Amino acid sequence: MMDSARVVVIGGGNMGASVLYHLAKEGWTDIVLIEKAELTSGATWHAAGLVSRMTPGHALGICHDYAVDLYKTIEDETEQGVSWHNCGSLRVAATEDHRSWLMHTRDAVLARGQECQWLSPAEIAKLNPIYDTSHIIGGIYTPDDGHVDPSGTCQAMAKGARLRGARIMRRNRVTNVQQLPSGEWKVITEQGDIICEHVVNAGGYHARQIGAFSGLDLPIIPMQHHYVVTDSVPEFAAMDHEIPVTRDDYYTGYLRREQGGALIGLYDTHDALAKWRGGCPWDSENELFEPDYERITPWLEKCFERYPSLMNLGIKRIVNGAITYTPDGHPLVGPAQGLKNYWLACGATVGIAWGPGLGRALAQWMVHGTAEISMRGFDPRRFHGLVDENFTYQRARENYMTRLSLPYPQLQYETCREHRVSGAHDRTKALHAVFEEAGGWERPRVYGDAAWGGKEPQSWKRGPSWQAAVTEARAVHSGVGLGDFSAFSKFEITGPEAEAYLNRLCANRMPRKVGGTCLTLLLNERGTIEGEATIARLGENRFWFVTGGPSERRVWDWITMHQRGTEDVTVSNLSDDWGILTVAGPKARDVLAPLTEASLEDSDFGWLKAREITVAGVPVIALRLSFSGELAWELHAPNAQLSALWDAIWAKGQIHGIVPFGSKALELMRMEKAYRGGHELANDATPIHTDQMRFVKMDKEFIGKQALSRLAATGTSSVIAYLDIDMEGTDVLGGEAVYRNGDKVGSISSGGYGPVSGRNLAFAFVQPEAALPGTKLQVMVFGNLYPATVLFEAVLDPENLRLRDVAAAFA
């Protein structure tokens with residue numbers, strides 16, 4: 001058999017069926033799904049089937065909302081039952097910290113236009129009478145939630161795809177996937193070959209093995225997960241409603257009704273086990289494992305403390321199945337690294353809740369060039385190149401064991417650290433830096449003290465680390481600070497056609513003179529943001545391209561895959577070879593000047609300029625710019641010499657009171673300057689949405705120009721607003737609802753306290769009429785409404801005098 005199709009989807013679980021269904025809804029019907037066994041025979045069939053709107057993430061929350069909506073209606077569309085149970089969901093809180101987390105979750109659910117209520121213990125007892133509420137202070141309730149038959153949902157989406165012309169081939173294993181010289185893909189199966197334009201790896205347990213056919217090493221590992229089904233619960237028969245799905249961190253699990261009994265899901269927080277580290281056997285089908293009673297008994301006993309009436313019931317069934325996990329618990333959805341038209345839809349931990357929304361987003365991405373939601377958190381290229389099988393195993397275990405732990409804003413992974421460090425890492429560590437991961441790098445987040453033990457104190461509201469960051473920021477503003485910001489991606493682009501190449505890729509125009517810099521956006525054909533970069537012209541045919549550390553592989557893919565074979569351009573990734581130190585503050589010149597023979601005066605080295613100089617004997621690419629809003633130089637230096645550079649600057653800065661500062665302080669400073677950050681610059685926004693058209697040159701050709709022209713003519717449904725929120729003692733976390741006169745008009749993207757102004761600042765995407773300067777709004781933060789005002793300009797130095805001319809700024 002030799003066949004052809006536009007798309008081949010490999011894998012017949014909920015993720016694969018969703019991609020097929022939504023591609024068909026987008027109008028691509030020459031598509032085929034190949035499943036080695038029967039549909040749902042992997043992880044899908046034994047899932048607990050929970051579907052909830054109770055998630056704080058904006059993009060993932062939209063996916064959850066869409067799943068609920070789809071499962072309510074797809075039976076009518078396809079006449080395939082999904083057994084939708086609209087019983088609602090509860091998640092309970094036993095501590096004030098837990099209440100803060102749940103109230104933040106509630107704020108985000110409300111921001112998406114969904115219903116979520118805070119309930120008292122008495123109100124929870126009415127909804128779930130068999131639950132002992134004596135140990136809790138309340139919980140949140142999403143009434144429009146429930147559970148489904150997992151096999152039914154998969155079959156319904158598969159049927160919906162077939163009704164639109166898609167094909168499904170069962171009992172046909174894929175044995176290889178090869179890219180042809182033409183760029184097309186040959187999918188080799190037991191029943192013959194299929195030539196296609198696009199491949200989607202939705203292989204579930206087998207996704208890693210399928211990826212290996214094409215040279216991919218996907219960070220996926222299956223973890224064991226138990227749930228227990230009890231004998232019939234007598235109390236259920238007397239109820240006039242089905243109890244909500246109830247999640248309780250005390251026993252790290254969930255409970256729902258399963259026919260007449262109770263289904264209890266349990267997460268082992270001490271010693272989670274993985275399966276098939278060497279690869280899932282190809283003949284695995286509807287596979288379950290022997291129950292591990294010793295492993296689940298402690299958590300089951302804790303569950304019975306909360307549900308004493310269940311303690312004496314028999315256990316009808318124990319399901320011990322595998323669930324795929326990635327190192328951060330999020331799925332792999334999007335393009336595979338370095339392979340054109342090879343897409344991933346795998347690594348889904350909760351595929352029943354994620355499948356519909358993520359399948360729809362991937363279909364939009366494939367058909368239109370981007371999705372309607374930000375896919376940054378799911379993009380397979382978010383992981384750095386050092387992620388191997390052991391890293392995946394260790395992180396997946398940690399993620400599983402902390403699945404129901406409180407996700408504090410300061411929380412960092414503990415396993416597999418120091419994979420990627422700067423040359424100054426030992427110096428910052430000696431100063432009690434607490435590190436965060438950024439693109440695999442260890443980046444100083446805040447400088448604490450020895451009592452912290454290298455870990456940031458956990459808090460939902462302002463705590464010791466907040467105060468430390470404020471102190472750092474104020475010291476930078478009043479004197480001088482030194483920061484290690486090596487966690488950026490650094491590309492060198494050279495060649496006679498380098499300028500033309502970059503002008504074609506970038507919305508801004510490249511600097512015409514050597515020593516010039518520009519901030520630019522990379523757009524796709526729909527005009528939304530694929531990435532951002534600072535670019536310096538170091539020579540006639542040489543450019544230095546800097547973008548965020550977590551964006552390294554994604555942006556590298558974008559710029560290299562858009563390179564024309566006829567262009568005389570060389571692109572080199574020097575990210576690991578170079579580090580970055582930032583010297584910022586009014587005294588930055590006083591510290592650096594004695595260390596270099598180069599003139600650092602405004603007349604010789606002005607704002608937004610770049611020069612290659614030597615500092616303390618170390619060759620550096622010096623850029624006069626910074627997110628701090630102060631006089632600053634970024635010193636890009638060979639990583640092997642970064643410690644020597646740090647030592648020289650640190651020693652010279654002592655007489656000026658130099659302080660170390662981290663990313664948290666920089667985040668606070670960028671809010672006072674109204675600089676957009678990563679939360680604002682994603683693929684669901686354009687420069688029009690983010691008010692950054694000053695970085696777009698419409699008098700030249702670039703990717704996305706036509707889309708921007710159309711959008712400028714029609715307008716947008718939301719734009720960015722810069723807010724001053726009247727509240728004390730806490731800050732926004734992102735995702736909170738924004739109201740105007742009682743009507744929801746948008747949501748917060750990011751925010752923080754202004755260390756100089758003392759104001760609580762935030763960015764929000766809101767309806768255009770709500771973004772006018774002076775408009776009075778309200779923001780819901782931890783369940784409380786606070787007044788907010790839309791600002792016209794940055795609250796600190798809006799004319800950039802500190803950056804342009806320090807003397808004038810302080811005159």
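What follows covers the model, the chain as a whole and its cavities.

This is a predicted model, in which local features need pLDDT of at least 70, side-chain atom pairs count only at pLDDT 80 or more, and totals for chains, interfaces and linings use all residues. Residues are numbered from 1 along each chain as its sequence is written, and side-chain values use heavy atoms, with hydrogens and water left out.

**Overall build**
- The chain holds 20 helices and 37 strands, these being DSSP runs (H or I, at least four residues, for helices; E, at least two, for strands) numbered from the N terminus.
- The C-alpha trace spans about 80 × 65 × 50 Å along its principal axes.
- Of the 811 residues in the chain, 61% are buried, meaning under 20% relative accessible area (1.4 Å probe, protein chains only).

**Cavities**
- Three cavities of 30 Å³ or more are found in a search of the whole structure, a cavity being a set of points on a 1 Å grid over the protein atoms alone where a 1.4 Å probe fits but cannot get out.
- The largest cavity has about 90 Å³ of space, where a volume is the space filled by probe spheres set on the points, which are joined across faces, edges and corners.
- Its lining residues, which have an atom within 4 Å of a point, include His 225, Asp 268, Arg 295 and Trp 299.
- β12 (221-230) and α8 (293-306) are the elements that give two or more residues to the lining of the largest cavity.

Notes:
On a 1 Å grid over the protein atoms alone, a cavity is a set of points where a 1.4 Å probe fits but cannot get out, and a pocket is an open set with protein on both sides within 12 Å along at least five of seven lines; lining residues have an atom within 4 Å of a point. Buried means under 20% relative accessible area, exposed over 50%, partly exposed in between (1.4 Å probe, protein chains only).
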